[in-house]
Protein chains: 2
Amino acid sequence: MLAINTSETSPYMQSFRQESRGGRALDDRLQQASERRLEAKEHVFCEGDQRTHVYRVEDGVIAIYKTLFDGRRRIIDFAYPGDYIGLGVLGEHIMSAQATCASKVRCFSASALESLAETDASLALKLYKSVCQDLVAARSLLVTVGQRSAIERVAAFLLALHRRGGEGSKGVVKLAMRRSDIADLLGLTIETVSRTLTKLREMQVIDVEQGGTTVKLRDVPRLADLANE
Amino acid sequence: MLAINTSETSPYMQSFRQESRGGRALDDRLQQASERRLEAKEHVFCEGDQRTHVYRVEDGVIAIYKTLFDGRRRIIDFAYPGDYIGLGVLGEHIMSAQATCASKVRCFSASALESLAETDASLALKLYKSVCQDLVAARSLLVTVGQRSAIERVAAFLLALHRRGGEGSKGVVKLAMRRSDIADLLGLTIETVSRTLTKLREMQVIDVEQGGTTVKLRDVPRLADLANE
DNA sequence: AACGAATTGTGAGAGTTTGTAACAGGGCCT
DNA sequence: AGGCCCTGTTACAAACTCTCACAATTCGTT
């Protein structure tokens, strides 16, 4: 979902990626696909909730996270339009899902999906490939978060967002989330994220625009160099 | 695979977990399952290799990792006996797989597996669930690595190994890997790993035995507290 | 247009980790 | 036995991030 390696850059799951981004991968056999709108910070589901549905993000960004005992929040993934959340869970959710900005999701009955998949190999394969995407995203993020310095992490994060945005974005990345969300994703504090963005700006690698909600990548090769990937 | 949340602790994939640990989950339809022995530091495959096979670990520990531009190594997962590696890859591998100690793997033809899965829903579902396990492991590790302090990370790592070992282990954890492997998994240096183990020993939470290759957990609740999960 | 709340940005000191270096221990070879 | 290599441990200075504090900006509401 964070998709540092998506269709363009990774040999994983190319065919399915296109299919799912098209938006009609899983749901054409499932009737009860209702829509749900969420405001920023509203939850799709929480840790411990019974897992009744699978969701496809239609609009916005959904943060998948886990709360630690001391109250800190560890974001594990951002789900963007076209991504599915809630796959691969059996009983109850062990992660929470929360909108970082105004968002929209489509809901599918999990039990209906599963019973269909038991006899439908192509659907089961789609589930497989969808989870493979998530796995690639999680491992990519693992590489990013394992980086030592704050600059490396932030640079890798911006690059990942840029790659996901595709070629049409022309280096303009909309963050669509707070500094705290970025910090909890990268394992940094909001102050460090803020300072690091300032440092990247001073290095003339990026421009921060629109009150910090949009980042323009001025020097992508340099950024990739800083990201060390 | 690191399996901080495995059958005991997570609602994910319980049924399959048992199935796959039994060892005969995917291969009973695949003839050409040859064995391969590896010495410590030998590779199963490397980044850029064509993906021809899927492997099941029979013995030992296989580290899945990615090499960064500056030569650092980021371990993304450890695969233990019963785990599959190489699933979910389409073209060429984007990660390397290397034995951390003397190991044994069984090789399955990837193309044979895939063509079978196209018409066999139950096999496709098994693939799905197997990758779900990996996803849970990756996300668990993400929580661990996102932790700030070295103690938290090492404590969580030891706990994960302990849970994987099962109840029979009686708090004795065999590391079966170098300090450098642990460091590259947790995003620390070998010195910090060593220092942290010493600190845990001084706190009387663990004992380090057999020349540092085995760790005995003296106070699991305390360790869980330190791990913050 | 103005106000208040929330978010973001910046600074200084404290704390932790890293990097460098030296040393100890075990295994293997001659 | 002795020497060599690899791994692991420990010490100390340097670098980095975190914490805490407060200023600046943005956004929504009045």
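This is a tour of a predicted model, one selection at a time.

Residues are numbered from 1 along each chain as its sequence is written, and chains are lettered from A and ligands numbered from 1 in the order in which they are written. Because the model is predicted, local features need pLDDT of at least 70, side-chain atom pairs count only at pLDDT 80 or more, and totals for chains, interfaces and linings use all residues; side-chain values use heavy atoms, with hydrogens and water left out.

**The two chains**

Select chains A and B. Chain B is superposed on chain A by a rotation of 180° with 0.0 Å of shift along its axis, at an RMSD of 0.1 Å (least squares on the C-alpha atoms of residues with pLDDT of at least 70 in both copies). This is the relation of a two-fold axis. The copies meet through the same surface, because 100% of the interface residues of chain B are also interface residues in chain A.

**A sheet in chain A**

Next select strands E1, E8, E3 and E6 of chain A. Helices (H or I, at least four residues) and strands (E, at least two) are DSSP runs, numbered from the N terminus. The four strands form an open sheet in the order E1-E8-E3-E6, with antiparallel pairing (two strands pair if DSSP finds at least two bridges between them). At the edges are E1 (34–38) and E6 (84–85), each pairing on one side only. E3 (residues 53–59) and E6 of chain A are joined over 2 bridges; zoom in on Arg56(A), which stands opposite Tyr84(A) in E6(A).

**A buried aspartate**

Move to Asp77(A), in strand E5 (residues 73–79) of chain A. Asp77(A) is buried, with a relative accessible area of 1% (buried means under 20%, exposed over 50%, partly exposed in between, with a 1.4 Å probe and protein chains only).

**DNA strand C**

Finish with DNA strand C, which 17 residues surround, the closest being Lys41(A), Thr198(A), Glu191(B), Thr192(B) and Arg195(B) (a residue is near a strand if one of its heavy atoms lies within 4 Å of it). Show helix H6 (190–202) in both chains: each supplies at least two residues of the surface near the DNA strand. H6(A) gives the most, with 5 residues. Then pick Ser194(A), where a polar side-chain atom lies 2.9 Å from a phosphate oxygen of DNA strand C. For Arg195(B), a side-chain N or O atom is 2.9 Å from a base oxygen of DNA strand C.

Definitions and conventions: Contact means heavy atoms within 4.5 Å. A polar contact is a pair of N or O atoms within 3.5 Å; within protein, one must be able to donate a hydrogen and the other to accept it, and residues adjacent in sequence count only if both atoms are side-chain atoms.
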